[in-house]
Amino acid sequence: MRRLLFIGVMLFASHLFAGSTDSIEAILRTEGRTTRRVDALLHMGFATYESPAGENTAYWREAQELSEELRYEFGRVHAPMEGVMADFRAQRYDAVVAQLKAMIARLDELGVDQGFYSPLGFIRNTFNASGDQAARAAYFSEALKRYAGGGRPRSLAVTHHAMAGYYSTIRQYGSAVEHYMKARDLFRTSSPADVPNETMVIGWAYERWGNPQRAIPYLHEALREFEAIGDSSMHAEILS
């Protein structure tokens with residue numbers, strides 16, 4: 001079964017990052033000791049969670065040192081992430097979930113709209129790694145209510161994406177498609193670079209549902225959308 005990959009942008013407290021991990025790395029090569037650099041470091045911390053521990057840890061440590069220097073509260077919220085990643089690698093998933101929930105709650109208090117590379121996005125990865133789909137469904141069902149009031153469309157989109165993945169695991173593909181569609185609609189205005197990924201997973205959901213007539217148009221549309229943003233990384237996955 002294909003892995004559902006995330007191609008997205010980062011919207012933090014006051015910055016918009018649009019583009020690939022390569023473009024974020026370019027920011028790190030040139031950006032000075034600013035909050036924008038902190039945001040880029042945090043993005044890379046989440047993006048490299050499967051990389052060797054030393055590489056991943058370096059991003060979190062620099063982000064926290066700089067956040068303290070700048071008194072940047074958004075960055076400070078992520079102070080536990082180095083330990084969270086150590087727990088994740090040790091498969092102490094209950095500890096990971098507990099810490100991520102606390103960070104998500106604090107970011108909600110700050111009014112941060114969280115994308116895929118965030119505590120909200122990473123808690124989904126954690127539920128996947130642990131295999132605890134019931135906990136995933138319970139957490140994100142509550143999150144749907146929390147974000148439905150408006151003001152955080154990306155958080156709501158990520159939540160719909162997570163619920164869609166849950167329904168895919170229990171083979172309720174109609175519900176999966178419905179949530180992916182809602183995520184895509186929200187991303188159209190809040191995070192356009194994430195739209196191609198949602199189009200792609202809609203196509204995959206129809207494919208797994210045994211409906212290639214519906215799947216193929218979405219997969220072709222996803223190819224066009226990825227090409228429009230200059231991203232060819234998913235072509236082989238889509239066409240396989």
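Tutor: Let's start with Gln91, which counts as exposed because its relative accessibility is 57% (exposed is over 50% relative accessible area, buried under 20%, partly exposed in between, with a 1.4 Å probe and protein chains only). Before going on: this is a predicted model, where local features need pLDDT of at least 70 and side-chain atom pairs count only at pLDDT 80 or more, while totals for chains, interfaces and linings use all residues. Residues are numbered from 1 along each chain as its sequence is written, and side-chain values use heavy atoms, with hydrogens and water left out.

Back to Gln91: its phi is near 65°, a positive value in a residue other than glycine. Gln91 sits in the loop between helix H5 (81-89) and helix H6 (93-109); helices are DSSP runs of H or I with at least four residues, strands are E runs of at least two, and both are numbered from the N terminus.

Arg71 isn't a glycine either, yet has a positive phi of about 55°. You'll find Arg71 in the loop between helix H3 (53-70) and helix H4 (73-77), and it is exposed, at 69% relative accessible area.

For contrast, head into the helices. Thr199, in helix H11 (residues 195-208), is buried, with a relative accessible area of 0%. The Thr199 side chain makes a polar contact of 2.7 Å with the side chain of Glu225 (a pair of N or O atoms within 3.5 Å; within protein, one must be able to donate a hydrogen and the other to accept it, and residues adjacent in sequence count only if both atoms are side-chain atoms). Setting aside neighbours within four places in sequence, Thr199 is in contact with Arg184, Tyr218, Glu221, Ala222 and Glu225, contact meaning heavy atoms within 4.5 Å.

Ser190 belongs to helix H10 (residues 173-190) and counts as buried at 15% relative accessibility. A polar atom of the Ser190 side chain lies 2.8 Å from the backbone oxygen of Leu186. Not counting residues up to four places away in sequence, Ser190 touches Pro153 and Arg154.

Now zoom out. The protein has 13 helices and two strands, and 52% of its 240 residues count as buried. Its C-alpha trace spans about 55 × 35 × 35 Å along the principal axes. Of the contacts with a separation of 6 or more, 56% are between residues 24 or more positions apart.
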